[in-house]
Amino acid sequence: MPGRQLADKWLKTEALLAEPSIAGHIPQTRLYDASNLKNMLHHFGMVVIKPVRGGGGFGVIKVEWNGRTYSFTKGTMKKVYRSFNALFAALAKAKVKRKYLIQQGIRLARISGRPIDYRVKVVKVGDSWQYRSMVGRLARPGLFVTNLCKGGRQLTARQGLSRCFSGKKAAFKRKEMRELTNTSIGVLENAFPGIGELGFDYGVDVSGKIWIFEVNTRPQ
């Protein structure tokens with residue numbers, strides 16, 4: 001049985017932020033509005049906006065500010081604007097009709113110029129949680145989203161990490177990912193009793209820091 005499901009990304013993010021050992025691995029996240037978007041863009045230079053409910057890369061848009069112009073990328077299409085107001089108006093048309101959140105953009109480690117992230121699936125069997133898979137998802141050339149349904153290529157987590165980092169560092173990152181997963185399971189099970197399946201989306205940035213992008217209770 002899959003157990004309890006929670007579609008709301010914001011609720012799960014809030015629960016994880018309450019745990020100090022996890023909070024530092026969660027990109028800064030805000031609900032979508034003009035003020036939050038402008039402030040985060042000017043602070044980070046790049047953010048990702050995505051529906052509070054939804055998966056598979058659906059409706060995800062990368063937004064950037066380079067100190068002179070604003071831009072957004074959706075799929076393979078990139079649009080550039082001279083003012084924030086013009087950008088915000090264009091995003092209103094580009095977004096799907098759902099509530100959105102804004103997440104700090106992370107410069108992911110890459111393989112042949114293509115970003116890679118990781119999905120870790122765990123399932124509760126009886127009283128214990130078991131790992132079902134740890135895979136890397138390499139973006140299709142020209143895309144920033146890595147979802148397999150968008151043409152991403154699947155590798156094992158070991159393969160993906162070893163192509164980005166040296167042997168010892170790659171092994172340590174894999175171990176760190178498991179430790180973060182184990183801690184997060186405890187936090188989420190305490191906050192949302194009845195969950196029975198979790199899919200963790202991780203990113204590893206160019207410096208090797210691990211980030212938790214989101215957690216799904218009905219992972220694909």
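Is the crossing of α1 and α6 left-handed or right-handed? In the predicted model, the crossing of these two helices, α1 and α6, is right-handed. Helix α1, which spans residues 9–17, packs against α6 at an angle of about 115°, and the two axes are 9 Å apart. On the side of α1 the contact is made by Lys12, Ala15 and Leu16, and on the side of α6 by Ser184, Val187, Leu188 and Ala191. Divided by class, the residues of this contact comprise five nonpolar, one polar and one charged.

Helix α6, comprising residues 167–191, also meets helix α5, comprising residues 157–164, with axes that come within 8 Å and cross at roughly 135°. The helices α5 and α6 are therefore oblique to each other, and their crossing is right-handed. Arg158, Leu161 and Ser162 of α5 make this contact together with Ala170, Lys173, Arg174 and Met177 of α6. The residues involved in the contact of α5 with α6 divide into three nonpolar, one polar and three charged.

When neighbours within four places in sequence are left aside, Ile22 is in contact with Leu16, Thr183, Ser184, Val187 and Ile212. With a relative accessibility of 0%, Ile22 counts as buried. The C-alpha atoms of Ile22 and Thr181 are separated by 9.5 Å, although these residues stand 159 residues apart along the chain.

A further feature of the model concerns its aromatic side chains, for which seven aromatic pairs are found in the structure. In one of these, formed by Phe84 and Phe88, the ring centres are 5.9 Å apart and the planes lie at 20°, so the pair is stacked, the cut-off for stacking being planes under 30 degrees apart. Phe84 and Phe88 are four residues apart in helix α4 (residues 84–94), and are therefore separated by about one helical turn. The accessibilities of the two residues fall into separate classes: Phe84, at 7% relative accessibility, counts as buried, whereas Phe88, at 26%, counts as partly exposed. Both Phe84 and Phe88 belong to one aromatic cluster, which is also formed by Tyr32, Trp65, Tyr70 and Tyr100.

Terms used: Residues are numbered from 1 along each chain as its sequence is written. This is a predicted model: local features need pLDDT of at least 70, side-chain atom pairs count only at pLDDT 80 or more; totals for chains, interfaces and linings use all residues. Side-chain values use heavy atoms; hydrogens and water are left out. Axes are lines fitted to C-alpha atoms, for helices over the stretch in contact, and angles run from 0 to 180 degrees between N-to-C directions. Angles under 35 degrees count as roughly parallel, over 145 as roughly antiparallel, 65 to 115 as roughly perpendicular and the rest as oblique. A crossing is left-handed if the near helix is turned anticlockwise from the far one by less than a right angle, and right-handed if clockwise. Contact means heavy atoms within 4.5 Å. Ala, Val, Leu, Ile, Met, Phe, Trp, Tyr, Cys and Pro count as nonpolar, Asp, Glu, Lys and Arg as charged, and the others, Gly among them, as polar. Rings of Phe, Tyr and Trp (its six-membered ring) pair if their centres lie within 6.5 Å; planes under 30 degrees apart count as stacked, over 60 as edge-to-face and the rest as tilted. Buried means under 20% relative accessible area, exposed over 50%, partly exposed in between (1.4 Å probe, protein chains only).
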